[in-house]
Amino acid sequence: MKSSTDIRKMRDNLLAWYDAQGRTLPWRVRPEDRARGITPDPYAIWLSEIMSQQTTIPHATPYWEKFLAEFPTVIDLANADREQVMAMWAGLGYYARARNLYKCAQIVRDEFGGVFPQSESELLKLPGIGPYTAATIAAICFDEATNIVDGNVERVISRIFRVQNPLPKAKNELRDLARALASPKRAGDYGQALMDLGATVCTPTSPKCKACPWQTFCAAFKAGDPTDFPKKMPKKKQPIRYGAVFILLRGEEILLERRPDTGLLGGMTGLPGTEWASKPPKDPFAAAPAMRNWEKLDGPEKDGRVKHVFTHFELRLDIYRAETAQKPDGHWVAVATLPDQAVPTAYKKALRAAGLPT
Ligand code: SF4
């Protein structure tokens, strides 16, 4: 643990570094903006935090801009058509976040009069807002002295203290160490500064220690081994799940379907297919609900396999392709419009493998 003098110096150094070199992000209110009386919009900050989880800021930014243009307030988002929200989210992945985003907007509209609650503990009760997001919104928007810990912060703290305990077991230890450093003054700027430090200076493979405002306090720098931290448990092999999808073409049209509301990719538009299981389906046609509407098809043929990696498993999808003159019910769309359809990446891979436009 650091002395109170060191902790004070660390806070001052980090805030001074942030004032001079912190990132400018589209949703961020920089210290010089705050000085001009600009305050962060909790709705815009919440959107940015949910969207940038599990993805990069350059990837999330156009989505954030699109959502804010279409739904300028949380009430506009709550009043929107759910299908439109899901379609606008397509490509950002982790679709449960989009469902929770929509639910959360409706709760803020109905129970809070369209105004986000202003404390970490109240924010935590909203769907899709976990400890990290609640701490971040409360600090950035309401200057509550919370303890913001994301992957970047974990890396910085593990190096400052040379934490030997491996992740994920070390999470609580890292959180406690971060809490002891967190600044009660300028809480929002401090949290953003620490995240910036991890994202731009204390990077995973080549930390720029010479440019670091915490260099003199860093145990790993002194020991010359920053990249040995954070320690990590060996990765478990990811399980594999198997399924089949059907590319059913009628002239210039293709059959799509909406996935069930719950579960992975819930509520999104996809290709008809089987469930995803630990073994490949023995009879994909019998196992796919959409195929029950079909009379005998003229030789649907296997047309390759695609792989897609989700957080907790790898998916292998066999592709079956058939052309037909039959006309069962379903969501038929023109093949030429496929690039405009909000189809998640796993299905886009199957479409591309079958030579169709995405
Ligand atoms: S001195 Fe180097 S390892 Fe330590 S916190 Fe700074 S960038 Fe990271």
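Tyr43, Ala44, Leu47, Ser48 and Met51 in helix H3 meet Ala60, Tyr63, Trp64, Phe67 and Leu68 in helix H4, where contact means heavy atoms within 4.5 Å. This is a predicted model, in which local features need pLDDT of at least 70, side-chain atom pairs count only at pLDDT 80 or more, and totals for chains, interfaces and linings use all residues. Residues are numbered from 1 along each chain as its sequence is written, and side-chain values use heavy atoms, with hydrogens and water left out.

**Helices H3 and H4**
- H3 (residues 42–51) and H4 (residues 57–70) pack at an angle of about 145° with axes 10 Å apart; axes are lines fitted to C-alpha atoms over the stretch in contact, and angles run from 0 to 180 degrees between N-to-C directions.
- By class, this contact of H3 with H4 has nine nonpolar, one polar and no charged residues. Here Ala, Val, Leu, Ile, Met, Phe, Trp, Tyr, Cys and Pro count as nonpolar, Asp, Glu, Lys and Arg as charged, and the others, Gly among them, as polar.

**Aromatic rings**
- The whole structure holds nine aromatic pairs, meaning rings of Phe, Tyr and Trp (its six-membered ring) with centres within 6.5 Å; planes under 30 degrees apart count as stacked, over 60 as edge-to-face and the rest as tilted.
- Take Trp276 and Phe313: their ring centres are 6.4 Å apart and their planes lie at 55°, so the pair is tilted.
- That pair links distant parts of the chain, 37 residues apart, with Trp276 in the loop between strand E3 (269–270) and helix H14 (284–287) and Phe313 in the loop between strands E4 (301–309) and E5 (314–323).
- Trp276 and Phe313 are both buried, that is, under 20% relative accessible area, with exposed over 50% and partly exposed in between (1.4 Å probe, protein chains only).
- Tyr43, Trp46 and Phe116 make up one aromatic cluster.

**Charges over rings**
- Arg241 lies over the face of Phe313, 3.9 Å from the ring centre; the criterion is NZ of Lys or CZ of Arg within 6 Å of the centre and within 35 degrees of the ring normal.
- Lys231 has its charged end over the ring of Phe229, 4.8 Å from the centre.

**The chain overall**
- The chain has 15 helices and six strands, taken as DSSP runs numbered from the N terminus (helices H or I, at least four residues; strands E, at least two).
- Of its 358 residues, 50% are buried.
- The C-alpha trace spans about 80 × 45 × 30 Å along its principal axes.
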